[in-house]
Amino acid sequence: MNLKILLEKHLPMNSNATRGVKGDVLDDERRKDHYSHFILRLAFCRSEELRRRFVRAESMLFRMRFVTDTANERKEFVDSLDFDWENVSEEEKRKLYEELSAANGKPIDQEAFFKVDFTRVPDLVDGRRVYLRNGKAYVPVSAQISLVLQDFCLRLEKGLEMTARALPRLDEDDRLIPILNHLSLGFSAPEFVSDTTAIGEIKAAQVDELVQHFPLCMRNLHSSLRREKHLKYFSRLQYGLFLKGIGLSVEEALVFWRTAFSTITDDKFNKEYRYNVRHSYGLEGTRRNYKPYSCQQILTEHPPGPGDAHGCPYRTFSLENLTAAVEGMGIRDAQVLRTVKDAVKNRHYHVACTKVFETITSTSLAESINHPNLYFEKSVEIARAKKQQLEPAVE
Ligand code: SF4
């Protein structure tokens with residue numbers, strides 16, 4: 001189920017702007033949110049894997065709330081934190097309206113600004129994307145989401161580590177520990193169900209042109225396949241299930257893999273590979289209908305060995321190779337590349353992937369990328385909407 005719908009049902013959070021009419025409701029919502037967050041901190045602080053999963057889920061929630069807040073609420077929120085950024089007052093914004101709009105490339109009525117030492121944002125300065133005055137750069141809030149998100153993740157990680165250190169004191173409490181254990185065992189991130197109707201059924205011959213909508217993990221698998229004319233087992237599985245999720249039928253999958261493995265004979269293909277393709281569509285063996293892998297599965301299961309192309313490149317590539325791969329996706333902006341590298345250094349792979357998606361599509365996402373098929377579907381959806389805007393309406 002869509003995260004937004006789940007939240008509206010189980011954890012609604014009305015905006016502060018509705019306080020006049022919903023005061024009591026707002027307080028209840030915030031109380032519930034605080035209780036659940038801190039109970040989950042206790043449940044998810046005890047191992048690196050649990051902490052990682054919790055930070056990923058919380059950062060998705062945080063991001064969704066942050067981007068859907070009003071500009072005023074975002075500003076108030078950032079004000080309440082101890083960031084080393086100075087807010088630009090409304091009065092100053094009005095005074096510098098022309099200059100800020102020119103640097104921003106559009107009117108700034110709905111935009112809030114921070115002032116930071118210009119040395120802290122050299123790439124924004126290089127790209128002339130900020131207004132400079134008295135040694136300060138005036139940075140729009142919209143350019144800060146990645147920085148805010150990273151700071152959020154770092155603070156949460158530190159908080160979880162501190163909680164983990166304090167937790168042994170609860171070890172003798174036989175009421176709380178079983179509940180916390182049960183909570184973390186029962187955790188499963190909201191499952192993304194790929195929508196093969198996003199573009200309908202696709203043909204084997206269309207895959208090459210659709211690569212532009214693939215996340216880096218699938219682009220890497222695709223280019224390895226084209227280069228080597230072969231993929232090893234887990235790489236075939238990760239890529240094959242992804243293609244199944246975007247609408248490749250079993251018949252077309254057989255055509256796709258047969259054509260791709262161009263250096264082997266039909267006989268070898270039929271003996272060694274045909275069964276596996278049909279198996280992943282639930283037509284052989286246990287007849288299980290396998291689903292495309294989520295980012296979490298890709299990040300944690302079957303670590304790639306030599307000669308493998310599967311896994312998440314944000315995790316498996318060296319920083320140098322990753323930078324080259326991201327540049328190969330058309331991203332040259334030094335600020336974006338640095339944000340991606342910082343996210344990767346902090347092991348926030350989905351943050352890096354989301355940043356790349358947002359840069360390529362020039363669109364802000366309300367939720368982080370947590371599934372390669374989600375990346376694909378959103379990318380297709382955005383491209384389609386842009387195309388419709390360009391096409392004149394038919395009378
Ligand atoms: Fe693929 Fe997910 Fe890694 Fe992005 S974060 S490259 S979608 S595994």
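Biologist: Leaving aside its neighbours within four places in sequence, which residues is tyrosine 239 in contact with?

Modeller: This is a predicted model, and in it tyrosine 239 is in contact with Val207, Phe214, Met218, Leu221, His222, Leu225, Leu231, Phe256 and Trp257, once its neighbours within four places in sequence are left aside.

Biologist: Which residues have the most contacts inside the largest nonpolar core?

Modeller: The general idea is that, in soluble globular proteins, nonpolar side chains tend to be buried together. Here the largest nonpolar core has 91 residues, and those with the most contacts inside it are Phe214, Tyr239, Leu243, Phe256, Trp257, Tyr314 and Val326. Helix 8, which covers residues 145-166, gives the most to this core, with seven residues. There is also a second, separate core of seven residues, and Leu96, Ile108, Tyr131 and Tyr138 are among them.

Biologist: Is leucine 243 buried or exposed, and where is its place in the chain?

Modeller: Leucine 243 counts as buried because its relative accessible area is 0%, while the cut-off for buried is under 20%. Its place is in helix 12, residues 233-246. Not counting residues up to four places away in sequence, leucine 243 touches Val207, Phe214, Leu248 and Phe256. As for valine 207, it lies 36 residues from leucine 243 in sequence, and the two are 8.4 Å apart in space, C-alpha to C-alpha.

Biologist: Why does asparagine 104 count as buried?

Modeller: Asparagine 104 has a relative accessible area of 18%, and since buried means under 20%, it therefore falls in the buried class. Asparagine 104 is found in helix 6, residues 97-104, and, leaving aside neighbours within four places in sequence, it is in contact with Glu111, Phe113 and Pro140.

Biologist: What can be said of the protein chain as a whole, and how many helices and strands does it have?

Modeller: The protein chain has 21 helices and four strands, and buried residues make up 46% of its 395 residues. Of the contacts in the protein chain with a separation of 6 or more, 64% are between residues 24 or more positions apart.

Definitions and conventions. Residues are numbered from 1 along each chain as its sequence is written. This is a predicted model: local features need pLDDT of at least 70, side-chain atom pairs count only at pLDDT 80 or more; totals for chains, interfaces and linings use all residues. Side-chain values use heavy atoms; hydrogens and water are left out. A nonpolar core is a set of buried Ala, Val, Leu, Ile, Met, Phe, Trp, Tyr and Cys residues joined through side-chain atoms within 4.5 Å. Buried means under 20% relative accessible area, exposed over 50%, partly exposed in between (1.4 Å probe, protein chains only). Helices (H or I, at least four residues) and strands (E, at least two) are DSSP runs, numbered from the N terminus. Contact means heavy atoms within 4.5 Å.
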